[in-house]
Amino acid sequence: MEKKKPSPKMGTEAAIDKKLAPQPENDKTTQLAAHTRDAAGENMNTNTGLPINDDQNSLKAGDRGPSLLEDFILREKITHFDHERIPERVVHARGSGAHGVFKVYEDLSPVTKAKFLNDTARETPVFVRFSTVAGSRGSTDLARDVRGFAVRFYTPEGNFDLVGNNMPVFFIQDAIKFPDLIHAVKPEPDNEIPQAASAHDTFWDFISLTPESAHMIMWAMSDRALPRSYRMMEGFGVHTFRLINEEGKASFVKFHWKPLLGVHAVAWDEAQNISGKDPDFHRRDLWDAIESGAYPEYELGIQVIPEEDEFKYDFDLLDSTKLVPEELVPVQRVGKLTLNRNPDNFFAETEQVAFHLGHVVPGIDFTNDPLLQGRLFSYTDTQLTRLGGPNFQEIPINRPIVPVYNNQRDGFMRQTINRGKTSYNPNMLGNNDPQQVPEAAGGFVSYRERIEARKLRLRNKSFFDHFTQAALFFNSQSDPEKNHIVDALTFELGKVKTVAIRERMLGLLAQIDKGLATQVAYGLGLHLPAADKLPGNLNVPADGDPAEYQSGPIKTNGLIKSDALSMANTIKDSIKSRKIAILTADGADAGSVTNVKTALENEGAVVEVIAPRQGFVIAENDEQIEVDQSFLTAASVLFDAVYVAGGTNAVATLEAEANAVHFLNEAFKHCKAIAAHADAEQVLDATYFSKKIENDEGVIVSGDLKQLSADFINAIKQHRFWEREKPRLIPA
Ligand code: HDD
């Protein structure tokens, strides 16, 4: 048969670009489209545009070789491949990105002149990258770790990057300690163990000698470190920033992101299982949600603090180990971020995006937080190695939506073709173009803060209270959340080999909460150190007096508890995009599958039918029900809830199917909602838990499918029934 000849393609680049209509369209997606290629229907050519006739065989002397050096097509292909990898990020290497848009609810001009926060009609294009911190690029999403929450706004005044985390405080107060912190948490340098885990000696050695980390340790050991989804975690700018209005008046500000799906976590045992079953769990969840149209949404929150209130609080606003309790300064929700498009290419966009908290716009400025100040240096510096030179801002994902004119020139991989003779200023030959911009016309002017000080390597005493807010956080947790913190610390310190490090940590924990420290000590088989042996701040300069560096008195601005700090108080009003498993087998009662499935899907859930084998199950009425996964490919840890359908034969099969019983046991262990048709109760009877529970609102059995669906939906909205954990009914 004659091979179909490819038609000669004579299209120019411009013609190729027209094929791409990015959805939804905005200034940024249109700009990206100019750099995007889609090979559908196109012919293959080399990087110089030469049509390729044979991509299967290298050029040889005869059909048994040797290969010829002349083969420039082979050389080009192999050379490019050889240089495909770039260094991963030194922290936050593992991440996932998404495009979106941001809209402000009301004109914020009373506090800031930033244009994207002044105009309620403006839809600002956004790119977001979520990440873990410690693991390598290929590490699991489910590590116990802080999550990065970096947002870039492509505004008409240039890029504004809010490079935050999912926790509102940080481990250290001064950027000079950042390399130490990261060296301590990364895999140990002799054997590069462990990957993406803080449960090892070097991390806890450093932490136990760094009491300023106490508050952040409470967060990092809490459920916040195990998000159910990137779509269900808060974000924080961490530092105090400045907002500045048209009159030049400044206010302090803390930035927040509040997810509309609430803040939810998985259990630690579950996280470890997910890491094996689907290490891309969070990445997949984000991708699938966006593909299916369940766009992740977050509200931007701001806590605005008038300049005159700078010294009103019992903590220093410049100290990144402290938060501003919402009870003291409420969070105003001022706009919405919607993630509505997956990247076209992971490397080009998610990997090459170069965030920097120094990317600000007029109306937003910095404070003297010493952690923030050090970051201002680090982010551009790291891109020079990671992206290979000074032209990384020209990479499509990094370009602002406004054209760039300045006198920077040349360097590796320069893309812009700058016309004209002058690349200096002042100049007469080029009429002084490009021109500097007066402040009134939008030129950026740093906040005119008055500074009168000596040069010193010191921290103010207002930075020395390390335990008050750690205790506030612990006090604010629900009982299950407190238990999780105890378990997390017992796990992590249990993995520490050096007993002296464990003991020193107990000394720090005792200064946060005696009960917490006692429980961890019990799990570790150790005693709490005596009150006069508690470690103070050992991170003292060579000539410093340790007594000067002790933690100060407990100060709480009168607060004992802050409800906003507990995930137990989050919104629980939706099952949108939750993943629900329906267990069934041949002989199913078709109605008990499809009615419940439809009821769940109507509420926006994603439902999968799971059976002993893939393909179809044949229902009692001979109807074919499509199976999404078998027990071999599915696992309870990848779902939020599980339902066992009815049908005599199906139920008999499931009762005898160890994988089905395990599925239910595990779902129960991880505190998930479980439902069963009344006919399927015998499958529940085969589990460890059925005979031992009373009044568990998360286990629903009914023959009335309408009632069952309604109760099941309500139970799934609760996310988890954590109180089940303590009796430990399910073996490992
Ligand atoms: Fe950082 C990346 C967040 C302190 C130095 N950081 C990075 C990312 C996030 C944060 C989300 C990943 C951005 C992306 O997705 O590409 N970092 C934080 C927060 C901090 C913080 C919330 C404390 C409040 N970081 C911090 C300090 C330093 C750095 C104190 C250095 C002095 N961070 C970096 C870096 C990274 C980075 C080395 C690695 C890759 C990159 O910047 O682009 O420059």
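1. What covers helix α11? The elements over its buried residues include α6 (214-220), α12 (479-494), α13 (499-512) and α14 (514-524). Covering here rests on contact, in which two C-beta atoms, placed from the backbone, lie within 7 Å. Helices (H or I, at least four residues) and strands (E, at least two) are DSSP runs, numbered from the N terminus. The model is predicted: local features need pLDDT of at least 70, side-chain atom pairs count only at pLDDT 80 or more, and totals for chains, interfaces and linings use all residues. Residues are numbered from 1 along each chain as its sequence is written.

2. Helix α11 spans residues 468-476 and is mostly covered, with seven of its nine residues buried. Buried means that 20 or more other C-beta atoms lie within 10 Å of the residue's own; exposed means 12 or fewer, and partly exposed is in between, with C-beta atoms placed from the backbone. The buried residues are T468, Q469, A470, L472, F473, F474 and S476.

3. Now compare H35. This residue lies in the loop between α2 (27-33) and α3 (72-82). H35 has 16 C-beta neighbours inside 10 Å, so it counts as partly exposed. The C-alpha atoms of H35 and V651 are separated by 55 Å, and the two residues are 616 apart along the chain.

4. Ala, Val, Leu, Ile, Met, Phe, Trp, Tyr, Cys and Pro count as nonpolar; Asp, Glu, Lys and Arg count as charged; the others, Gly among them, are polar.

5. Next, helix pairs. The axes of α12 and α14 come within 9 Å and cross at roughly 45 degrees. Axes are lines fitted to C-alpha atoms, for helices over the stretch in contact, and angles run from 0 to 180 degrees between N-to-C directions. The helices α12 and α14 are therefore oblique to each other. Angles under 35 degrees count as roughly parallel, over 145 as roughly antiparallel, 65 to 115 as roughly perpendicular and the rest as oblique.

6. The crossing of α12 and α14 is right-handed. Right-handed means that the near helix is turned clockwise from the far one by less than a right angle; left-handed means anticlockwise. In α12, I485, V486, L489, T490, L493 and G494 meet L516, Q519, V520, G523 and L524 of α14. This contact has seven nonpolar, four polar and no charged residues.

7. Helices α15 (residues 590-602) and α19 (residues 705-717) pack at about 40 degrees, with their axes 10 Å apart. The crossing of α15 and α19 is right-handed. From α15, G591, S592, N595, V596, A599 and L600 meet L705, L708, S709 and I713 of α19.

8. Helix α5 (residues 201-208) packs on α13 at an angle of about 40 degrees, with the axes 9 Å apart. Helix α5 passes α13 in a left-handed crossing. The contact joins D201, W204, D205 and S208 of α5 to I501, R504, M505 and L508 of α13. It divides into four nonpolar, one polar and three charged residues.
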